[in-house]
Amino acid sequence: MIINKLDSIEFKLNEWHDFTWLKRYGTAFWVVDETGSGCICIGMENGDKKYFCKIAGVNTIEAEVSPKESIKLLKESVNLYFNLRHPNLVKMIEDYDYNQFYVVVFEWTEGECLFDHWNFEKYQRDTTIKSPKEKFKQLSVSKKLSTIDVLFSFLQNVNEKGMLLLIFTTEVLYTIFQQIKPLFVTLIYFEKLPLLMIEEANGLGLNV
């Protein structure tokens, strides 16, 4: 495990990388490094503008896929962002290859991930801090139902575009609590129809 640093932000990876090229977007102020996707997510700020930079091909300490596979998965999801445009899908600004990385830049949102596993230890240390999950549980029934309406609207859009949501987890959702607005932020669990069910050695799997 190697400590990397960009501006005042430190993060852990399995190897050192130079991320100063991200300075084109301003100053780093936020990071999520413990991802299973093999991507690192860095928040950059330039005046009143903020950007969410997702970088594939990074050997994260919790990576469940190789750097090469993480790039392949992120590139596939970018095609979906173009096809599944929706008011509740985070807005993508640009994507490009940079050295051994693949970079996708999104508009920043002040929402909170409903499964922010990178903060679990913090909540255990300080029980006065409410997690996004706990905040959501405390919403009124009407506000929860309005969230469901938005989810159904997005999934209807997915279906109309000939796509299928394979797995639904709260990791794909951010909630802007001031507006009670759910926002889809990742599309790695969506696939183009039709799908062929195949039996694998370790159980059932899906193949396009």
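**Notebook: charged pairs and a hairpin**

I began with Glu76 and noted that this residue is partly exposed, with a relative accessible area of 38%. The model I am reading is a predicted one, so I kept to what was computed from it.

Next I looked up the partner of Glu76, and found that its side chain meets that of Lys72 in a salt bridge, at 2.9 Å from N to O. Both residues lie in helix 1 (residues 67–83), where they are four residues apart, about one turn of the helix. Lys72 is also partly exposed, at a relative accessible area of 42%. I wrote beside this that side chains of opposite charge can pair when their charged atoms come close.

I then turned to Lys75, which is partly exposed at 34% relative accessibility, and whose side chain meets that of Asp97 in a salt bridge of 3.2 Å, N to O. This pair links distant parts of the chain, since Asp97 is in strand 6 (residues 92–98) and Lys75 is in helix 1, 22 residues apart.

In helix 2 (residues 120–125) I checked Glu121 and Arg125, which are four residues apart and so separated by about one helical turn. Their closest N and O atoms are 4.0 Å apart in a salt bridge. Glu121 counts as exposed at 57% relative accessibility, and Arg125 counts as exposed at 64%. For the whole structure I noted five salt bridges.

Last, I followed strand 3 (residues 27–32) and strand 4 (residues 39–46), which run antiparallel and are joined by five bridges. Val32 has Cys41 in strand 4 as its bridge partner. The two strands form a hairpin with six residues between them, and Gly38 in the turn has a positive phi of about 80 degrees.

Terms used. Residues numbered from 1 in each chain as written. Predicted model: local features only at pLDDT ≥ 70, side-chain atom pairs only at ≥ 80, totals over all residues. Heavy atoms only, no water. Pairing = 2+ DSSP bridges. Buried < 20%, exposed > 50% of the residue type's maximum accessible area, 1.4 Å probe, protein only.
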